[in-house]
Amino acid sequence: MTVVDRPATTPASSGGSSGPRLRGNLRQYGMIAALVVIVVLFEILTDGILLKPLNVTNLIMQNGYVLVLAIGMMLVIINREIDLSVGSVAAFVGAVTGVAIVNWGLPWPLVVVGALVTGGLIGAFQGFWIAYARIPAFIVTLGGMLLFRGLSMVVLQGQSIAPFPSGFRQLGSGFVPEIGAGDLHLVTMLLGLAGAAVIVWNDWRSRARRREYGLSVPAMQWFVLKAVAIVAVIGAFAWVLAVYQGLPIVGLVVIVLTAAYSFVTTSTVVGRHIYAVGGNERAAALSGIATKKTKFWVFVNMGVLAALAGLMFAARLNAATPKAGTNFELDAIAAAFIGGASASGGVGSVVGAIVGGLVMGVMNNGMSLLGLGVDWQQAIKGGVLMLAVAFDVYNKNKSK
């Protein structure tokens with residue numbers, strides 16, 4: 001018998017119980033609704049500047065690395081752990097990349113591969129102490145935060161290294177190539193419509209599977225309404241990007257990672273093990289799940305994604321700097337919790353992490369456009385994070 005704690009976003013398995021299903025829908029759609037409200041609010045307050053094509057493009061490029069980190073951090077938190085070192089790891093990888101490309105003249109594709117391997121090794125180093133030596137993740141990653149921040153300064157000797165080759169810079173500031181010429185970026189529109197079609201098709205398959213097993217499903221009119229909304233929102237978003245220069249490569253990377261990790265967490269044994277270990281590690285171990293191995297690989301994955309975020313940030317900045325990665329870990333953790341993760345583990349989704357990251361990004365961008373100081377921005381973001389955690393606690397108490 002395998003004991004698996006499913007995420008709260010999974011529909012209730014009982015067709016006759018509406019309570020768990022309602023709480024799941026609140027958790028799944030609550031932050032999406034909040035994101036829509038925040039976007040509309042700042043669009044009005046900024047007199048339409050927020051959703052201008054240039055600003056939307058900048059919004060994606062400015063927050064791409066946070067979204068990448070949020071995906072990995074969501075898995076760590078689902079596993080009932082935390083990683084405070086991701087910002088320092090991103091800075092260290094960026095520093096090593098700068099030295100290898102600019103000072104040593106190594107080919108940048110080779111350096112990118114080496115950087116991702118380096119991130120994985122760092123994750124393995126920390127994951128070993130957490131999973132096998134049973135040292136609390138807070139302590140291990142706090143030490144890693146200090147260690148790799150110091151090593152970043154040592155590698156760069158307190159100075160920035162620049163510039164990078166144009167090919168490498170595309171990772172942070174490039175766009176998906178266009179086919180042909182015209183005022184509308186057709187490749188972006190096709191990608192957007194294809195993405196919307198895939199999402200609707202997956203929803204249809206999920207609905208069909210639930211009916212096959214005799215479980216309750218929403219009425220057909222609600223499914224159609226949801227499908228139309230998905231196509232409309234994604235189509236409008238793709239059009240906004242297409243009238244400028246198209247989809248940024250950063251955005252493409254985030255989309256691919258979101259799709260891949262969503263599939264892993266919802267449709268594979270590995271994903272079910274991650275939720276099970278976070279929900280109840282003892283029960284997972286008794287059911288035959290290799291809990292230590294699962295924790296170990298979650299941190300290896302986090303190291304790789306931190307390295308990727310460091311590469312993206314360095315490419316966009318066109319420099320490796322000792323101050324890179326500052327507060328990245330806080331942004332990633334906030335995105336995960338705002339996106340529906342639970343501090344007690346076993347709850348959350350990759351899409352939720354992306355939504356949480358977008359909430360933070362839109363708020364940052366909107367408040368900057370309004371001229372709010374950094375002090376007020378930090379205070380407001382802190383309040384939003386506290387509200388998200390309070391909402392999680394409220395839902396948990398209601399389920400008891």
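Student: How many cavities of 30 Å³ or more does a search of the whole structure find?
Tutor: This is a predicted model, where local features need pLDDT of at least 70, side-chain atom pairs count only at pLDDT 80 or more, and totals for chains, interfaces and linings use all residues. Residues are numbered from 1 along each chain as its sequence is written, and side-chain values use heavy atoms, without hydrogens and water. A cavity is a set of points on a 1 Å grid over the protein atoms alone where a 1.4 Å probe fits but cannot get out. Searching the whole structure for cavities of 30 Å³ or more gives two.

Student: What volume does the largest cavity have?
Tutor: A volume is the space filled by probe spheres set on the points, which are joined across faces, edges and corners. For the largest cavity this is about 50 Å³.

Student: Which helices each supply at least two residues of the lining of the largest cavity?
Tutor: Lining residues have an atom within 4 Å of a point, and here they include Ala90, Gly94, Phe313 and Leu317. Helices are DSSP runs (H or I, at least four residues), numbered from the N terminus. Those supplying at least two residues each are helix 3 (86-103) and helix 12.

Student: Are helix 6 and helix 12 roughly parallel or roughly perpendicular to each other?
Tutor: Axes are lines fitted to C-alpha atoms over the stretch in contact, with angles from 0 to 180 degrees between N-to-C directions. The axes of helix 6 (residues 166-173) and helix 12 (residues 291-317) come within 7 Å and cross at roughly 110 degrees. Angles under 35 degrees count as roughly parallel and 65 to 115 as roughly perpendicular. The two helices are therefore roughly perpendicular.

Key
Parallel < 35°, antiparallel > 145°, perpendicular 65-115°, else oblique. 1 Å grid on protein atoms, 1.4 Å probe; cavity = no way out; pocket = protein on both sides within 12 Å on 5 of 7 lines; lining within 4 Å.
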